[in-house]
Amino acid sequence: MVLATAGLSVNALAASHEALIAEVYGGGGNSGATYTNDFVELANAGSGPVDLSGYSVQYLPGAPTASSKWQSTPLTGSLAGGGRYLVQEAAGAGGTKALPTPDATGSINMSGTNGTIALVTGSDPLTCLTATDCLADSRVKDLVGFGTAVVHEGNGAAAGASNTASVSRAASLADTDDNAADFTAGDPSPQNSGDTGGTPTDPPSSPPPTTPPATPAKIHDIQGDTRLSPLNGKAVSGVTGIVTGVRGYGSSQGFWVQDPNPDADPRTSEGIFVFTGSATPTVKVGDSVSLDATVQEYYPGGQDTGIQSVTELTKATVTVVSSGNAVPAPVVLDERSVPEQFAPQAGGASIENLPLRPDEYALDTYESLEGMNVRIGSSRVVGATDSYSELWVTVQPDQNPTKRGGTLYKGYDDPNSGRLMVQSLIPTAQQAFPVANVGDTLAGTTEGPLDYNQFAGTYAVQARTIGTVTKGDIKPEVTAKQSSSQVSVATYNVENLAPDNAQTKFDALAKGLVTNLRSPDIVALEEIQDNSGATDDGTVAADKTLGKLVDAIVAAGGPRYEWRQIDPVNDKDGGQPGGNIRQVFLFNPDRVQFTDRPGGDSATAVGVTGTGADTHLTASPGRIAPTDDAWTSSRKPLAGEFTFRGKTLFVIANHFNSKGGDQAIDSRVQPPARSSEAQRNRQALVEREFVESLEKANPKADLVVLGDLNDYQFSPAVTALTANGTILTDLVNTLPVKERYSYVYEGNSQVLDHILVSPGLKHDADYDVVHINSEFAAQTSDHDPQIVRVKP
């Protein structure tokens, strides 16, 4: 994903609301800071109160990557006319003065020098990662980028933020939607709804609260026998252990400590993460330390996402007792120590207060080892190295293997307990992260603390020592060539293809279509962006995108395809804001003919006319029920009518609603909620109604329904669309079980893309998932294409 660097235009977020972000401070608890906590202060520029229930304050790092997540703090209560409202965020290790009593409290660890804060309606984390995208999100009511933040309003971010300086609006609360003009740096001056606060030098308005004494504790006392610390929020003292790993980069720096003298309870971890924020730790692996700190349960991405928490220590005073000590012996993670069962089931409720049962459930095993030194031996890679220097292995070598070395995702009740992410604590200048494909082996020893990854929401070995890659034998596949009597139909999600993508991407896609798919007669493409890509300038045409792709196909030795598609209404089909992604038919005019029938546009529904062999579409191309609520902010199915050797073939290209918003497999809620299913289920039923009308008009109609359905072959949406196989056959189910996948996510090889055929085509269908992307570190798209060869 390319991240835009331009800011929002002046007045892009017009001040139609009265609640504003008045002050932002991310230096709380950092070196030199007076205040112990980060904070965001809101102000009401109007005279009437603003109800903040249903609002949130959200934070994004200043230089987001494609995996960056907004963190959210829900708000409650109201903001009085002319009043202030104080949101307290995470504490650092330094600082001497507490904030005034906050009106809302969160645990976001903000950078002291750069980042973005947004005032948002609703508490669901934003998904935008560029200024342009955030402008397009109507939930954003105010936005402040500070330092060198990519996402900001106007011509520049607010300057001057530091460990000792906040950025704040003038007393007039002027809002020109230009952060650089509206905000200036100065001493932090937090103020709450009770008008208490001010600068650090102000005398307190009342005696400071009495601080309760710290509790002497061992690490296992802090971790406890559930997912939540019994000492959460309390100050602890005399916490001792050996440093087993140091993370000295990013906005979540810190180190792991493990007590070499464990208790007798296997449920209580002996390791813990000590958070230092943006301050680089000064300890080294092997240091024996004593800590006075505060216990915190940190929910990466916000508590309302369903993600598990990380028990950690903050505001730590560190005393190094000795150095050069041996780290505690690692716990070996393998098929003997990690249970087959994944997680306890709680009927959709949280499991975080349940006593851990590490001998029964893999999630409980990993949680009981949170922060501890672990080791994996030579392990099969089940998720290729990605652009963020992480890969996935399995410690259960016999668990649902695919034909090519991955781990097959077979059902909601079988998430594959052996999957583990591997990251590295070793500086890349010292040792490059290994590049591996699915089916390779991460050989030798990989050892380090077991963490709960803040972005993926899953357990990860933070490798202090990392193995080497032994290559497997998988290669990009090449499908068979269709015979003269077969028409070949393919689907390919080309991942936000836009004219400004590198020519190498167009060339690689062309090679995949020509060489690996053998120049299909018809191709349904998903995620074709408009001519201006992610720039949200009202452009909806995509002829430049398609022309560049077709030219690349010709250069690769393929046919000069023609295309048919329908421009969407601007910003109404979801996907990357401004991109206007859509499905497109490519077809080889030397092999098939497209039946052009006028009348299809972005808002007109295609229908069925005639009966028997005289059955046709009312428009070709046409969109299925484009104004139905099922397709709100989602792609509308594209239907087309083709002829091959005098026979009519109907094709429907799809890209159903994404899984965004679903809780992670490793969620503290079990089973995790799949909230995105509701819209896909509705989409499936709407499309099924159209398919049934076509098959009713002509029971012998030849129909191919294909594309990225964003759901599994066993999902309610896909089984509803096929009517449990009675009106359409999902061809992935005809493959051997070990070959049923087109996408690899978090080490699970799974199905998101499908080709479905009508009853008359299923017996002679020659179907293939062509693995050229998802299993490889070098990917042109994150999806593998599929193809079917049939005789209409």
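Which residue forms a salt bridge with aspartate 766? The first close-up below gives the reply. This is a predicted model, in which local features need pLDDT of at least 70, side-chain atom pairs count only at pLDDT 80 or more, and totals for chains, interfaces and linings use all residues. Residues are numbered from 1 along each chain as its sequence is written, and side-chain values use heavy atoms, with hydrogens and water left out.

**Figure 1. Aspartate 766 forms a salt bridge with arginine 789.** The closest N and O atoms of this pair are 3.0 Å apart. A salt bridge here is a side-chain nitrogen of Lys or Arg within 4 Å of a carboxyl oxygen of Asp or Glu. Side chains of opposite charge can pair when their charged atoms come close. Aspartate 766 lies in strand β45 (residues 766-769) and arginine 789 in strand β46 (residues 786-790), so the pair ties together parts that are 23 residues apart in sequence. Strands (E, at least two residues) and helices (H or I, at least four) are DSSP runs, numbered from the N terminus. Aspartate 766 is partly exposed, at 31% relative accessible area. Arginine 789 is buried, at 3%. Buried means under 20% relative accessible area, exposed over 50%, and partly exposed in between (1.4 Å probe, protein chains only).

**Figure 2. Glutamate 477 forms a salt bridge with arginine 404.** Their closest N and O atoms are 3.6 Å apart. The pair links distant parts of the chain, 73 residues apart. Glutamate 477 sits in the loop between β28 (468-470) and β29 (487-497). Arginine 404 sits in the loop between β23 (391-394) and β24 (419-424). Glutamate 477 is partly exposed, with 23% relative accessible area. Arginine 404 counts as buried, at 14%.

**Figure 3. Aspartate 334 forms a salt bridge with arginine 336.** The closest N and O atoms are 2.7 Å apart. Aspartate 334 is buried, at 13% relative accessibility. Arginine 336 is exposed, at 69%. By the salt-bridge rule, the model's count comes to 34.

**Figure 4. Six strands form an open sheet.** Their order is β31-β32-β30-β29-β46-β45, and the pairing is mixed. Two strands pair if DSSP finds at least two bridges between them. β31 (562-564) and β45 stand at the edges, each with a single partner strand, so one side of each has no neighbour in the sheet. The twist averages 20° from one strand to the next. β29 and strand β30 (residues 522-528) pair in the parallel sense over six bridges. Asparagine 493 has glutamate 526 in β30 as its bridge partner. Helix α5 (residues 503-516) packs on the sheet and touches β29 and β30. The direction of α5 makes about 160° with that of β29. Axes are lines fitted to C-alpha atoms, for helices over the stretch in contact, and angles run from 0 to 180 degrees between N-to-C directions.

**Figure 5. Helix α5 packs with helix α6 (residues 543-555).** Two packed helices are described by the angle between their axes and the distance between the axes. For α5 and α6, the angle is about 55° and the axes are 8 Å apart. The two helices are therefore oblique to each other. Angles under 35 degrees count as roughly parallel, over 145 as roughly antiparallel, 65 to 115 as roughly perpendicular, and the rest as oblique. Residues in α5 that meet α6 include Phe506, Leu509 and Leu513. Among their counterparts in α6 are Leu549, Ala552 and Ile553.

**Figure 6. Nine strands form an open sheet.** The order is β19-β21-β26-β27-β24-β23-β22-β25-β28, with mixed pairing. The edge strands, β19 (331-332) and β28, each pair on one side only. Strand β26 (residues 446-452) and strand β27 (residues 459-463) run antiparallel, joined by three bridges. Leucine 450 stands opposite valine 461 in β27.

**Figure 7. Serine 749 lies in strand β43 (residues 748-750).** Is serine 749 buried or exposed? Serine 749 is buried, with a relative accessible area of 0%. Not counting residues up to four places away in sequence, serine 749 touches several residues, including Thr402, Leu408 and Tyr743. Contact means heavy atoms within 4.5 Å.
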